[in-house]
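Look at the fold below.

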Amino acid sequence: MIADNSSSASSLLLEISSTTRSWSFLQDYLPTLVSGWSIWQYAVTFLLGLMVYDQVVYLRQKGSIAGPRFKIPLVGPFAQALDPKWEGYLKQWASGPLSCVSIFHKFVVLASDRDIAHKVFKSPAYAEPCIVPIARDVMGHNAWVFLQGKAHVEYRRGLTPLFTTKALATYLPVQERVLNDYFDKFVAASAANRGKPMAFMSLFREINCAISCRTFFGDYISQDAVKKIADDFYLATAALELVNVPLSTYIPYTKTWLGIRTARAVNAEFARCAAICKANMKKGVQPASIVDYWVLHMMESEKYRARIAAGEINVEKPSNLIRSFTDEEIGNTLFTFLFASQDASSSATTWLFQTLAQRPDVLSKLRAENLSARDGDRNKPFDLEMIETKLPYTNAVVKELLRHRPPVIFVPYLATKNFPVTPTYTVPKGSMIIPSCYPALHDPEIYPNPDMFDPDRWITGDAESKTKNWLVFGAGPHDCLARRYVPLTLAGMIGKASLELDWVHHPTPESDKIRVFATLFPMDGAQLVFTKRP
């Protein structure tokens, strides 16, 4: 043992001596080497060193997972991130259960495996939703969607009662009025275009914005405000690129600059509506919108606390005991609702109308079911009971559409600490980890012929039992609050449309090509013609 220690000590002394001589050599030699260098030589050397460092960091972070062998120096695939192609996502997901890219300083891991996606969704101790790095600037740094732990649980608990059966039943008549207005607009737009096909994607965005705003605020918001939000909201979406140009938030008229200002304007309008709602609800009117129910719960909670403070006993506790929220907090929360719904619902609506025009067999069955559910009276309004109990095929069509063309293809998270997602790979702290929804919804072992639109798989097949692959609304503590609301809205819309409208799709070479803009849209914008049914 003594001999071993002596040998180790001798080796250490030799190593220290060698290191000292090497450092002494560098101290003597380097000044001579660089003494005649120009500023350009210094700059090039620094840049080369930075590129080598960037490459080494990337390879260390990449480890054994799929991804480019070498990173494009410093910037990575930045050009691809600015204009993402659908084929690129498919290729990335097919490369392995985990794959990566690195853009500028941001390391991004994509999870295409279903079980890894579930692990990310359900591991708040390791990762938090970030959407994209610029999202906090657009949505607000204090937005509830970025809360974690108890704060998030409490906030979400107070929002959940806004989507109860009673509340949902109240929202549907409001939505039917919006559909009446916009179905007339669809027909008028086609007539104004002399019956020639035109892209309806923008009108589908507008109808979904109107449905959301009216469901949120009822008549507190004007139609002009709805139209303005529908026209401008894509600017907020466009700002949310995976990686933005550095400092672009401060450069006028860049995507991020425009997006942030659009978000501020929408927040201000929503806060104004919240103030009107509070004044209205104090008069004792019946709630008819999401903000009405939320403010009513606040008022009931205030009264309860006041009675307790006054010493009363046996006071019945409100079913939704919450704190009072400012107009700005209410406005920002409902802005996050709009952000979550606008592009996703617009995508689903676009594909729904285009797909059913391409599948007259499906549309015919859906139309017959909706007429039967209304006892032959096509003008009879839909209600919650009708949609949930009398329209099984319509609901199957909506579910299959959400599977076939999922409006949410992935949900970006930020690793708040080193995250061991598999036994052999740990996502580095500070990296983005993106669980993908699309691969699970197109798994051929779960959904045979996954690229085929087949509503019957939800009726005669076993698709309904494959709940672990149903990632349309995410999973875990941050899953979508509106997982019941969204299918109801789409079923009500397409059922009513089938009875009141005829529409024809005019396919182009771009119709089935997919454009990625936050979600999925047909490349040609859905070339349709609408007419009134006789």
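Pro129 stands opposite Tyr413 in S5. Strand S5 covers residues 413–415 and runs antiparallel to S3, with 3 bridges joining the two. Helices (H or I, at least four residues) and strands (E, at least two) are DSSP runs, numbered from the N terminus. Strands count as paired if DSSP finds at least two bridges between them.

This is a predicted model: local features need pLDDT of at least 70, side-chain atom pairs count only at pLDDT 80 or more, and totals for chains, interfaces and linings use all residues. Residues are numbered from 1 along each chain as its sequence is written, and side-chain values use heavy atoms, with hydrogens and water left out.

Now widen the view. The open sheet has 5 strands, in the order S1-S2-S8-S5-S3, with mixed pairing. S1 (98–103) and S3 (127–129) are the edge strands; each has a single partner, so one side of each lacks a neighbour in the sheet. On average, neighbouring strands are turned by 30° against each other, direction ignored. Helix H5 (residues 114–121) packs on this sheet and touches S1, S2 (106–111), S5 and S8 (432–435). Contact here means heavy atoms within 4.5 Å. The direction of H5 makes about 125° with that of S8. Axes are lines fitted to C-alpha atoms, for helices over the stretch in contact, and angles run from 0 to 180 degrees between N-to-C directions.

Next, the cysteines. The structure holds 0 disulfides, a disulfide being a pair of cysteine sulfur atoms within 2.5 Å. For Cys273, the nearest cysteine sulfur is that of Cys213, 8.0 Å away. Cys437 is buried, at 0% relative accessibility (buried: under 20% relative accessible area; exposed: over 50%; partly exposed: in between; 1.4 Å probe, protein chains only).

Last, the charges. Side chains of opposite charge can pair when their charged atoms come close. The whole structure has 30 salt bridges (a side-chain nitrogen of Lys or Arg within 4 Å of a carboxyl oxygen of Asp or Glu). One of them joins Asp54 and Lys71 at 3.0 Å, N to O. Asp54 lies in helix H2 (residues 39–62) and Lys71 in the loop between H2 and helix H3 (78–82), so the pair ties together parts 17 residues apart in sequence. Asp54 is buried at 15%, and Lys71 is buried at 6%.
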